[in-house]
Amino acid sequence: MRLDWLRKCIGGILLVSLCLFGFYEPVQQLVNIPNSIRVMEGDQVALPKASSVTAMGSFTNKSVQVSEEKGLLSIRGKSVGKDEVVLELAGLPIKKVNVEVLKDFKVIPGGQSIGVKLNTVGVLVVGHHLVETTEGKVSPGEKAGIQVGDMITEINGKKIEQLADVAPFVQKAGEEAKSMQVVIKREDEIVKTSLLPLKEKGESAYKLGLYIRDSAAGIGTMTFFDPHSKKYGALGHVISDMDTKKPIVVDDGEIVHSEVTSIEKGSGGKPGEKLARFAADRNVIGNITRNSPFGIFGELNQSVENNILDKPMQIALSHQVKEGPAQILTVVDGSKVEQYDVEIVSTIPQKFPATKGMVIKVTDPELLEKTGGIVQGMSGSPIIQNGKLIGAVTHVFVNDPTSGYGVHIEWMLSEAGIDIYKQNHQRAS
């Protein structure tokens, strides 16, 4: 009996000691140090640590250089490769940090206002309407099971590329009273259906009872371009159809210069907007090959300049972004790119692609006076911190137009097909 009591007493003491050990400052510091980090060649990352924790240095002493100063553990990338840094407590190795050093990579920041024109895969169904026939009102398209957001890609075995391709099939099928065989792309599904056009009462033309569109246009902001490959990224978010609210499936597209004509200021509950027009020359400066959750991407056919920061600039990985002052490049009048102050309110180091990596707040009095904060059309404006491109503006908070989200530049580069890791990286679906 006494032996059981003694065992319980010792067990309780050990349990309490283990719990207290978890609150021991060096242990807490070790828990907060990541198991693996990435750093660019020639760059460094500083990690906080307790005074009693020391670094044994790297195993190979080839790729990284380790130093300690004022409670910080500094890891500097010497050369491209992988290495390991071991931390010790009271002379005992207790944690290993895997370090990957990436090749130094630079892109040219944007900030230019661009006009965007997207051509869809087939024609997009954006709504239904009723056809008034001699037998009553009906929508042939809706009756055939065609839904808003569907893409009509084939009719009677022929590929549909634009709006003008549809009309001849509709008229012929109506006159012959013979249903068309329609192929539809519905998200990741292919649907086949029969559709019989009907004649509007009092008219000679046959109708589908569908509203359809084959392209979309708008404005946004250039984020970056690679001077070597000519690949670029812009907008920082997916382009969705204004009627269906679904992402537009891109067949091809193009970007042109645009000019901001005026600003509708944002206010609580209502985001503002840049009002712009395509430049008069309509000169195509690049194509669009991808419309993803991280923006639009393609290749430029000519160099573009912002006349502020036109030299290649280092990028920052997501864990290198810090809370504090930063700047954005954007256009609020004409085509002149200007630099404005913002603050990084919060940032999330991300190991996998995510569209919301930062919360930013506009602090520049001049920009607040002109726009009220972040407005539509500002999406894609590059964010710069400590001389590095860290990401792009993506969304505004509806109830607070001075603030919004930003996306880390890592994921936009990956979506553009620029592999800074020199390996296949996970892309957004």
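Tutor: Two strands pair if DSSP finds at least two bridges between them. Strands (E, at least two residues) and helices (H or I, at least four) are DSSP runs, numbered from the N terminus. The model is predicted: local features need pLDDT of at least 70, side-chain atom pairs need 80 or more, and totals for chains, interfaces and linings use all residues. Residues are numbered from 1 along each chain as its sequence is written, and side-chain values use heavy atoms, without hydrogens or water.

Now the barrel. Six strands close it, in the order β26-β27-β28-β32-β31-β30, with antiparallel pairing. From one strand to the next, the twist averages 45° (axes fitted to C-alpha atoms; angles from 0 to 180 degrees between N-to-C directions).

Look at β26 and β30. Strand β26 spans residues 324-331 and strand β30 spans 382-385; two bridges join them in the antiparallel sense. Here glutamine 327 stands opposite isoleucine 384 of β30.

Next, β27. This strand covers residues 337-347, and threonine 347 lies in it. Is threonine 347 buried or exposed? Threonine 347 has a relative accessible area of 18%, so it is buried (under 20%; exposed is over 50%, partly exposed in between; 1.4 Å probe, protein chains only).

What does threonine 347 touch, leaving aside its neighbours within four places in sequence? Its contacts (heavy atoms within 4.5 Å) are Ser318, Val321, Lys322, Glu323, Gly357, Met358 and His408.
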